[in-house]
Amino acid sequence: MKKVFLIAMVLIAATITANAQDKKEESKVKHLTYNEFLKKVWDFEKDPNTFTYKGKLPAIVDFYADWCGPCRRVAPIMEKLAEEYDGKLLVYKINTEQERDLASAFQIKSIPTVLFIPMESQPMMQVGALPEEGYRKVIEEQLLK
């Protein structure tokens with residue numbers, strides 16, 4: 001009986017710890033679907049010729065795939081930037097395998113591809129992974145200027 005009680009206590013403690021860890025590690029990076037992109041970023045179906053950003057903060061949109069090695073290297077950088085610039089910048093991710101129509105609309109042929117969206121000028125695309133300093137430079141010089 002003591003062994004059953006001890007095992008139950010260990011399982012309860014492990015569950016509590018795991019739940020606390022899950023809450024602690026909630027990501028600031030938000031994954032977007034096609035429809036969410038239309039609502040939060042740009043409704044290119046209604047106005048395909050004029051980019052009109054719908055957000056209230058500058059944004060980064062990371063087009064990626066789970067199998068992509070460079071994408072996996074960029075992911076923790078995006079998490080870090082989203083945390084650091086919380087309240088100043090939005091960081092979105094779009095899985096090109098799940099959102100093929102969205103990837104096609106942006107003619108994504110290579111990943112990672114990152115879309116930088118300033119508040120008052122046109123968006124910029126970066127194909128390929130940058131080092132963390134490269135993303136910071138674009139954020140500071142183009143998005144938060």
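Glu-99 is placed in the loop between strand S3 and helix H4 (100-105), where helices (H or I, at least four residues) and strands (E, at least two) are DSSP runs, numbered from the N terminus. The model is a predicted one, in which local features need pLDDT of at least 70 and side-chain atom pairs count only at pLDDT 80 or more, while totals for chains, interfaces and linings use all residues. Residues are numbered from 1 along each chain as its sequence is written, and side-chain values use heavy atoms, with hydrogens and water left out.

Glu-99 is buried and yet has no salt bridge, the nearest side chain of opposite charge being that of Arg-100, 9.7 Å away. Here buried means under 20% relative accessible area, exposed over 50%, and partly exposed in between (1.4 Å probe, protein chains only); a salt bridge is a side-chain nitrogen of Lys or Arg within 4 Å of a carboxyl oxygen of Asp or Glu. For charge, Lys and Arg count as positive and Asp and Glu as negative, whereas His and the chain ends are not counted. When neighbours within four places in sequence are left aside, Glu-99 is in contact (heavy atoms within 4.5 Å) with Leu-32, Thr-33, Tyr-34 and Ile-94.

Six salt bridges are found in a search of the whole structure. One of them joins Asp-86 to Lys-28, with the closest N and O atoms 3.3 Å apart; this pair links distant parts of the chain, since Asp-86 lies in the loop between H3 and S3 and Lys-28 in the loop between helix H1 (2-24) and S1, 58 residues apart. Asp-86 is partly exposed, with a relative accessible area of 45%, and Lys-28, at 33%, also counts as partly exposed.

A salt bridge is also formed between Lys-93 and Asp-62, whose closest N and O atoms are 2.7 Å apart. Because Lys-93 lies in strand S3 and Asp-62 in strand S2, the pair ties together parts that are 31 residues apart in sequence, and both residues are buried.

The side chains of Lys-80 and Glu-132 likewise meet in a salt bridge (3.2 Å, N to O), which links helix H3, holding Lys-80, to helix H5, holding Glu-132, across 52 residues. Lys-80 counts as partly exposed at 42% relative accessibility, whereas Glu-132 counts as buried at 18%. Salt bridges that share partners join Lys-80, Glu-84, Glu-132 and Arg-136 into one network.
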